[in-house]
Amino acid sequence: MEKILKDLGISDSTINQMVEICPNIVELDESELLRKIEILKNNKCDDIQIRNIISSNAEYLDRSVSDIDNLINTMEELGFDNLNLLFDGNPYILNLDDFEVKNYIDEREQNGEELEDIVDDMSSNPYIFEEI
């Protein structure tokens, strides 16, 4: 695992901090780590964005691939685009479950907001996701 993270440009001290925050990542299988990196690449994240996302949010590496895929699929279905910019702007979005995002949007729609306006609002200010 460490070699892959170092190849991304993540320093030893940052890796140590990541392990302190999320000790489970030391048990992470290399193929699973590569799969999670591939998910980010498939969503147009470049190497710098991937490094920023992973080094800022070690918990992302502890999530199941299916949970991550469900979140991304739901966000795409709701109309979010440029997920790479959203994830780079707030890597903790990747810690959310798909139903949490959907419930938040449903609640705002019940208050009379249009889906497109909600998605635009959340896309232009990724820190809104912290309200979820």
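This is a predicted model: local features need pLDDT of at least 70, side-chain atom pairs count only at pLDDT 80 or more; totals for chains, interfaces and linings use all residues.
Two residues are in contact when heavy atoms of theirs lie within 4.5 Å. Lys36 sits in helix α3. Setting aside neighbours within four places in sequence, Lys36 is in contact with Leu28, Tyr60, Leu61, Asp62, Arg63, Val65 and Ile68. Its relative accessible area is 0%, so Lys36 counts as buried. A polar atom of the Lys36 side chain lies 2.5 Å from the backbone oxygen of Arg63.

The buried residues of α4, which spans residues 47-56, are Gln49, Ile50, Ile53 and Ile54. These four cover an arc of only 120° around the axis and therefore lie on the same side of α4. The partners they pack against are α1 (2-7), α2 (12-21), α3 (30-42), α5 (59-62) and α7 (83-89).

The last feature concerns aromatic rings. Such a pair is described by the distance of the centres and the angle of the planes. The structure holds 1 aromatic pair. Its members are Phe80 and Phe129, 5.8 Å apart centre to centre, with 50° between the planes, a tilted arrangement. Phe80 belongs to the loop between α6 (65-78) and α7, while Phe129 belongs to the segment after α9 (115-124); the pair thus links distant parts of the chain, 49 residues apart. Both Phe80 and Phe129 are buried.

Methods
Residues are numbered from 1 along each chain as its sequence is written. Side-chain values use heavy atoms; hydrogens and water are left out. Buried means under 20% relative accessible area, exposed over 50%, partly exposed in between (1.4 Å probe, protein chains only). Helices (H or I, at least four residues) and strands (E, at least two) are DSSP runs, numbered from the N terminus. The arc is that of the directions from the helix axis to the C-beta atoms. Rings of Phe, Tyr and Trp (its six-membered ring) pair if their centres lie within 6.5 Å; planes under 30 degrees apart count as stacked, over 60 as edge-to-face and the rest as tilted. A polar contact is a pair of N or O atoms within 3.5 Å; within protein, one must be able to donate a hydrogen and the other to accept it, and residues adjacent in sequence count only if both atoms are side-chain atoms.
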